[in-house]
Amino acid sequence: MLTHMGRRVHQGVALIEVLVAILVVSLGMLAMAGLLSTSTRFGKTSEFRSVATLLATDLADRMRANFGSTAGAVYAQLTPTTLATGMPEVATCADVNACTQAELAAVDVADWQAALFRALPSGTGYVSANGDYTLFDVWVIWRETDADSAAATGVGNATNVAGKDGCPPKFSGTGSPRCMHFRVGL
């Protein structure tokens, strides 16, 4: 009789082992789903940073090609205080066959701002210069797709404000912008 009762006890243990195994596998699957979500988000962040770097290099090349204090003054006027909300205005030269330095700089700035707006969510740029227009600080600014949710939950680095976390001075922290700073010497 003891062997018969011992057998029943062992049969119930096998069912509990299966339930525990299902629980462990389920937790593993949930962890994998979380990793996939995080890696996708960081992949998009990396893409935005790469695009920002390419666009900052584009403006630096434009400034080097159109070097001078007249053009430098135009580049340094690019100081938006908020994220872009619409496509920037198009600039043109008075005489398309002979652009002045200032007109060409205005066209460069307009083209660059349009490229930022198209390539990055709410993308814009901010430029400042030293007194003789030989050294420029360039900021590329955009809103990451997860920035607003991160600001609401307190998760992530969604607290960029003016002068902190790479954002330019006098720039509004509204909407949790992401800022990348570049220094360009001509």
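User: Where is Thr92 in the chain?
Analyst: Thr92 sits in the loop between α2 (69-75) and α3. Helices here are DSSP runs of H or I with at least four residues, strands are E runs of at least two, and both are numbered from the N terminus.

User: What kind of model is this, and how are residues numbered?
Analyst: The model is predicted, so local features need pLDDT of at least 70 and side-chain atom pairs count only at pLDDT 80 or more, while totals for chains, interfaces and linings use all residues. Residues are numbered from 1 along each chain as its sequence is written, and side-chain values use heavy atoms, with hydrogens and water left out.

User: Back to Thr92. Buried or exposed?
Analyst: Thr92 is exposed, at 62% relative accessible area. The cut-offs: buried is under 20%, exposed is over 50%, partly exposed is in between (1.4 Å probe, protein chains only).

User: How far is Thr92 from Asp108?
Analyst: Their C-alpha atoms are separated by 9.7 Å. Along the chain, Thr92 and Asp108 are 16 residues apart.

User: What about Gln113, buried or exposed?
Analyst: Gln113 is buried, with 11% relative accessibility. Its place is in helix α3.

User: Which residues does Gln113 touch?
Analyst: Leu78, Pro88, Thr124 and Gly125, leaving out residues up to four places away in sequence. Contact means heavy atoms within 4.5 Å. With Thr124, the side chains also make a polar contact of 3.2 Å. That term needs a pair of N or O atoms within 3.5 Å; within protein, one must be able to donate a hydrogen and the other to accept it, and residues adjacent in sequence count only if both atoms are side-chain atoms.

User: New topic. How many salt bridges are there?
Analyst: Six. The rule is a side-chain nitrogen of Lys or Arg within 4 Å of a carboxyl oxygen of Asp or Glu.

User: Why would side chains pair like that?
Analyst: Side chains of opposite charge can pair when their charged atoms come close.

User: Which residue does Arg64 pair with?
Analyst: Asp61, with the closest N and O atoms 3.6 Å apart. Both belong to helix α1 (residues 2-65). Arg64 is partly exposed at 45%, and Asp61 is partly exposed at 43%.

User: And what does Asp111 pair with?
Analyst: Arg62, in a salt bridge of 3.7 Å, N to O. Asp111 is in helix α3 (residues 101-119) and Arg62 in helix α1, so the pair ties together parts 49 residues apart in sequence. Asp111 is partly exposed at 35%. Arg62 is partly exposed too, at 22%.

User: What about Asp137?
Analyst: Asp137 forms a salt bridge with Arg183, the closest N and O atoms being 2.7 Å apart. Asp137 is in strand β2 (residues 135-142) and Arg183 in strand β3 (residues 178-185), 46 residues apart. Asp137 is buried at 15%, whereas Arg183 is exposed at 55%.

User: How many bridges join β2 to β3?
Analyst: Eight. In one example, Ile141 has Cys179 in β3 as its bridge partner.

Terms used. Pairing = 2+ DSSP bridges.
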